[in-house]
Amino acid sequence: MGQIQLKQVTKSFGDVQVIPPLDLTIQDGEFTVFVGPSGCGKSTLLRLIAGLEDITTGTIEIDGKDATDVVPAKRGLAMVFQSYALYPHMSVRKNIAFPLRMAKMDQAEIDKRVEAAASVLNLTDYLDRRPGQLSGGQRQRVAIGRAIVREPAAFLFDEPLSNLDAALRVGMRLEISELHERLKTTMIYVTHDQVEAMTMADKIVVLQAGVIEQVGSPLELYRTPRNLFVAGFIGSPKMNFIEGEEAAKHNTTTIGIRPEHIDVVEANGQWQGTVGVAEHLGSDTFFHIHNTGLAETLTVRAIGDVSLRHGDTIHLNPRIEEIHRFDAAGLRIA
Amino acid sequence: MARAISPRRKLITTAAAWTIALIIFFPIFWTILTSFKTEAQAINDPPLFFNFDWTLENYSVVQERSDYMRFLWNSVIIAGGSTLLGILIAVPAAWSMAFVPSRRTKDILLWMLSTKMLPAVGVLYPISLLFVEFNLLDTRIGLVVVLMLINLPIIVWMLYTYFREIPGEILEAARMDGATLKEEILYVLTPMAIPGIASTVLLNFILAWNEAFWTLNLTAANAAPLTAFIASYSSPEGLFFAKLSAASTMAIAPILILGWFSQKQLVRGLTFGAVK
Amino acid sequence: MATKASRSAARIMMAPAVVLLLGWMLVPLIMTLYFSFKRYLPLRGDSLDRGLDWVGFDNYVRFISSSSFWPSVQTTLVMVGGVLIITVVLGILLAMLLDQPFFGQGVVRILVIAPFFVMPTVSALVWKNMMMDPVNGVLSHLWRFFGAEPVSWLSDVPLGSIVLIVSWQWLPFATLILLTAIQSLDSEQLEAAEMDGAPPLRRFWHIVLPHLSRAITIVILIQTIFLLSIFAEIFVTTGGAFGTRTLTYLIFQRVIDSQNIGLGSAGGVYAIILANIVAIFLMRIVGKNLDK
């Protein structure tokens, strides 16, 4: 079990309120990702759930029980830290066993669980090493191992992949997703990387300045972003925003269209401009286009290798049905 | 990346560095050497370097005449006791300041440092008076307490700078793993902080060992440590160079050896973490 | 950042250190202040039991107007200033030398640092007798070797001799700290200056020295605080004679030798004020460093 409910939770540091009143329910077994730019309060929110910070007002319930004043150790949650926070003076085996030792479990049971976790995480050969002798990816696995042996009500991940290099990050992303598939335990995952959020989450919580901008499944956020912020944050490359005359044609102040929803045509496009930088990825090509009269730069994704170069004129057709309209307050008009 | 240095330049630097180092070290070298001479050889003209009959006689004379071992024991008790007592009081305080900082932490740290700067002579009489009042004059326990108090700010500071280097996330991880505060300090913080605590102990032992204001002014016969023992040689009596040398060598040898181990920590401890 | 529970635990754990230091600071300080306004000459029958006469600022005025006050201030300034100049200048040069690659770096470092670990009474006595004795001291042998008349160090140049002894004790400290600071200088910065065509002397002046300025300030402040209370070195060499009586030593004599507690306490208050002026500057620097 691992249902977590936040009711009217606020957090202030001194006079500064970093989290205004906030309600959120995380269902049992759900993989929830908190995403937002740095300083948006996502890590603070996670630490409030963990109990590493006191909430200023409001209540936190875990499985229907009030956990607001429960110390971190007694909440039944496990956390994987950004720096992994492994105990440098203990072997991998002792690191993974530490929470079990603290729970006064008997040694035979501890050994069994550590062995099991190690084999799941491919750490069996490294059990007697110190964290300092491991690679970044292996340390990450130890941190996860230390979390899973306790069989917690929920896992909390605080930007766990941000210290890994790009290739490892993709691999660990898959491993964590697989782990969730297998354990079916509630996971709360904090990241500033919207790709991680999109690929891993059952449910994404987009935060900005301590406020929840939108909660929904990855595709809901992609298809129907509630406002300009979510529209700009989810999706890569970013959605293009166009104001002025072109927006007025759609009876609003701002329209948005994703780069993948603009087609490159040979001639007579509805829009046209000159190619600035062209990024050739092979499967796709991203054009950054100037002089369109719409926005300073327009980003367009073309499938495959389109051979247009710097300075060439490009013709474009937006897919009208994919255009998002936003009102003056930045809210999406359905 | 350091660049290749021409061998000639390296030789010149070597010669210069060694010459200066030997000049600086010479008084200590000379003292140690003289301690193995007879009194007559000690004042021989020209000075004798290695061409003399080595003797250990001075050491036994010093021990017999002034009971060196008693002073040594006092030094060990006073320096060791004050350091250990200081560590016991400072570890929890430094833990609090490093891991649960509040808005006042910085002020408290600076205030502690400011007590270290109180000139001892300014409070000499009050302290003597209190010592008389509580029968602490010329007792080891009195000196243990005073030296602990004068070094406590340095101990707190050193531990604080070491503790601050331990990532807070590791302690939080322990908390998440179900450790109580006691278990967190016992199983996670202390093992990680041992190198820092060891350096702090070492440096403060040295500082207490060499302290020469309170040890001279608050002791007479019973509790006098080596600083006072050596001061008794300030009024010469006949030929005494070799004996003075032997006594000095015995007073500084233990601490020189300890001191050489603690060079790195010395910088940090004495600059309150401002230079690392 | 923390929770309420850990904050209250922190307060309890900090209490012993804070309370002890507060007592250590306040009790003697208040007593000194109290005595400084009293006539208190135990040898003439004054005693705490019978009560002491209130004399207002008499002691403060008498301490300053005594004929030994200004000379002692002058001695203090010369001694502290002399040691500071010697240790900082030689310390910079030595630190730069030791920063170069050479054979036996470890041993040289150990030899250079050694004087710092010698207890003050030993170093003073070793210098007084083994080195500076006018007949048998090493320096007199050296003088005679070069055909010069040996110097009676402690009676002819007493203040200079003590400055020499104290400098010998503190040079390792200055060197070690400045060496640590030099080693933290980013070598790319120097290489960039070299690429920009700056000759060695200018590189020293414009890059090394500014980089060292903070360490130099710290060395000066910390040494000043310790040097202001130099005691044992004077106690075992000249005993304050021959113009080596510093402010600290003068106060010591007033309290211990002439048993004029009131006068000595007033002097003590002056010393405390003086030390605090220096301390404020040091605290500023250390405090700034804390914010990082």
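# Briefing: chains A, B and C of a predicted model

In chain A, seven residues of domain 1 are in contact (C-beta atoms, placed from the backbone, within 7 Å) with 10 residues of domain 2. By class, the domain 1 side of that contact has three nonpolar, three polar and one charged residues. Here Ala, Val, Leu, Ile, Met, Phe, Trp, Tyr, Cys and Pro count as nonpolar, Asp, Glu, Lys and Arg as charged, and the others, Gly among them, as polar.

This is a predicted model, in which local features need pLDDT of at least 70, side-chain atom pairs count only at pLDDT 80 or more, and totals for chains, interfaces and linings use all residues. Residues are numbered from 1 along each chain as its sequence is written, while chains are lettered from A and ligands numbered from 1 in the order in which they are written.

**Chain A: domains and annotation**

- Domain 1 of chain A spans 4–232 and domain 2 spans 237–333; the bounds come from an automatic or database domain assignment.
- The centres of domain 1 and domain 2 of chain A, taken over C-alpha atoms, are 37 Å apart.
- An unreviewed UniProt entry places the annotation "domain: ABC transporter" on residues 4–234 of chain A. UniProt positions are given in the numbering used here, feature names are shortened, and annotations may be inferred rather than shown by experiment.
- Residues 4–234 of chain A are 36% helix and 26% strand, with end C-alpha atoms 25 Å apart. Helices (H or I, at least four residues) and strands (E, at least two) are DSSP runs, numbered from the N terminus.

**Chain A: backbone details**

- Ser236(A) and Pro237(A) are joined by a cis peptide bond, with omega about -5 degrees.
- Pro237(A) sits in the loop between α8 (228–233) and β11 (240–243) of chain A.
- Asp63(A) is a residue other than glycine with a positive phi, near 55 degrees. Asp63(A) lies in the loop between β4 (57–62) and β5 (65–66) of chain A.
- Why does Asp63(A) count as partly exposed? Because Asp63(A) has 15 C-beta neighbours inside 10 Å. A residue is buried with 20 or more other C-beta atoms within 10 Å of its own, exposed with 12 or fewer, and partly exposed in between; C-beta atoms are placed from the backbone.
- Lys104(A) is not a glycine either, yet has a positive phi of about 60 degrees. The loop between α2 (92–102) and α3 (107–120) of chain A holds Lys104(A).
- Lys104(A) is exposed, because 7 other C-beta atoms lie within 10 Å.

**Chain B**

- Chain B has 13 helices and zero strands.
- The C-alpha atoms of chain B fill a box of roughly 75 × 70 × 35 Å along the principal axes.
- Of the 276 residues in chain B, 52% are buried.
- Among contacts in chain B between residues at least 6 apart in sequence, 79% join residues at least 24 apart.

**Chain C**

- Chain C has 13 helices and two strands. The radius of gyration of chain C, taken over C-alpha atoms, is 24 Å, well over the 19 Å of the globule rule for 292 residues, so chain C is more spread out than a compact globule. The rule is 2.2 Å times the number of residues to the power 0.38.
- Along the principal axes, the C-alpha atoms of chain C fill a box of roughly 75 × 75 × 30 Å.
- Buried residues make up 43% of the 292 residues in chain C.
- The unreviewed UniProt entry marks "transmembrane region" on several spans of chain C, including 110–127 and 261–283.
- Residues 110–127 of chain C are 67% helix and 0% strand, with end C-alpha atoms 20 Å apart.
- Residues 261–283 of chain C are 100% helix, and their end C-alpha atoms lie 31 Å apart.
- Thr217(C) lies in helix α10 (residues 200–228) of chain C. Thr217(C) and Leu282(C) are 65 residues apart in sequence and 8.3 Å apart in space, C-alpha to C-alpha.

**The B–C interface and the core**

- 85 residues of chain B are in contact with 85 residues of chain C. On the chain B side, helix α1 (residues 7–34) gives the most, with 16 residues.
- That chain B side divides into 64 nonpolar, 17 polar and four charged residues.
- The largest nonpolar core has 259 residues, and Ala94(B) and Val156(B) have the most contacts inside it. Such a core is a set of buried Ala, Val, Leu, Ile, Met, Phe, Trp, Tyr and Cys residues joined through C-beta atoms within 7 Å.
- Helix α7 (residues 140–164) of chain B supplies the largest share of this core, 17 residues.
- Leaving aside neighbours within four places in sequence, Val156(B) is in contact with Ala90(B), Ala93(B), Ala94(B), Met112(B) and Ala17(C).

Notes
Contact = placed C-beta atoms within 7 Å.
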